[in-house]
Structures are given as C-alpha cells and as structure tokens.
Amino acid sequence: QVQLVESGGGLVQPGGSLRLSCAVSGRTFAMGWFRQPPGKEREFVASTRWRDNNTYYAMFAKGRFLISGDNVKNTVTLQMNSLKLEDTAVYYCASSTYCSGYGCYSGENFGSWGQGTQVTVSS
C-alpha cells in the first residue's frame, strides 16, 4: 500500500544544486535514495529513519548531499550540492519496513520504489 512519487529532477551545471522530493503514501520505517547512472547498476545514496532521524550516506554523498524527512508533510527530500558530472543518474526514492545500522545502506531492505526522476549534470 506504500506509494512513492519523486520530483525535482532536471538539468543542472557542474557545481550547481538540486533538491529532490519524495511524496510518501502509507506508513514506512525508513526512507532512502538510490541512483542508477547510465550503463551502471543501481547504487545507494542516502537513507534516514523516522523514529530517531538517523542518517546514512554513501561516501560520495558525505558533505555534499543532505537527506531529511518531514513526518507532517509525509515527504523526504534530498538536497544535492556541488554536483558533478558523475552524479548524472536516475534517482529513486525507496521505503523500508525496517533497517538498522549497515542494513540501512542496502537496497535489499527497501521494498517499495518510486518511478525515478532524471538528474543530468552537464555544462
């Protein structure tokens, strides 16, 4: 019964910023963002848990990206700064019924997925 809808993707220049949003319907334990660059496999970006607001980041995202959840609006956002060419990918919002520690870094623990939104970084 969980439904996720991403928005906010688009074309940005290197060094620019972009803010992605995910509208959540239904109850979830944790939310995550994943991405799939062209010709590559899906990879973890960031995640957060509702109960304690713990956050988890891929190494490439630390210091540049920020994930946050709003349990009133029932949305999750991904603020992306200092974007690089290699950030070009389809970004997916996902939800988990439960994750803890290193498990919050793995797509195996996320069962519902949005349709994805394209982010293109180009000059």
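**Disulfides and core**

Q: What does a disulfide join C22 to?
A: C93, with an S to S distance of 2.0 Å; a disulfide here is a pair of cysteine sulfur atoms within 2.5 Å. This is a predicted model, where local features need pLDDT of at least 70, side-chain atom pairs count only at pLDDT 80 or more, and totals for chains, interfaces and linings use all residues. Residues are numbered from 1 along each chain as its sequence is written, and side-chain values use heavy atoms, with hydrogens and water left out.

Q: Which strands hold C22 and C93?
A: C22 is in strand β3 and C93 in strand β9, 71 residues apart. Strands are DSSP runs (E, at least two residues), numbered from the N terminus.

Q: Why is the C22 and C93 disulfide left-handed?
A: Because the torsion about its S-S bond is about -80 degrees.

Q: How many disulfides does the structure hold?
A: Two. In the other, C99 and C104 have their sulfur atoms 2.2 Å apart. Its S-S torsion is about 100 degrees, so that disulfide is right-handed.

Q: C99 and C104, buried or exposed?
A: Both are buried, meaning under 20% relative accessible area (1.4 Å probe, protein chains only).

Q: New topic. Which residues have the most contacts inside the largest nonpolar core?
A: W33, L78, M80 and Y91, in a core of 24 residues. Such a core is a set of buried Ala, Val, Leu, Ile, Met, Phe, Trp, Tyr and Cys residues joined through side-chain atoms within 4.5 Å.

Q: What does Y91 touch?
A: Not counting residues up to four places away in sequence, its contacts include L20, W33, V45, L78 and M80. Contact means heavy atoms within 4.5 Å.

Conventions:
Buried means under 20% relative accessible area, exposed over 50%, partly exposed in between (1.4 Å probe, protein chains only). Helices (H or I, at least four residues) and strands (E, at least two) are DSSP runs, numbered from the N terminus.
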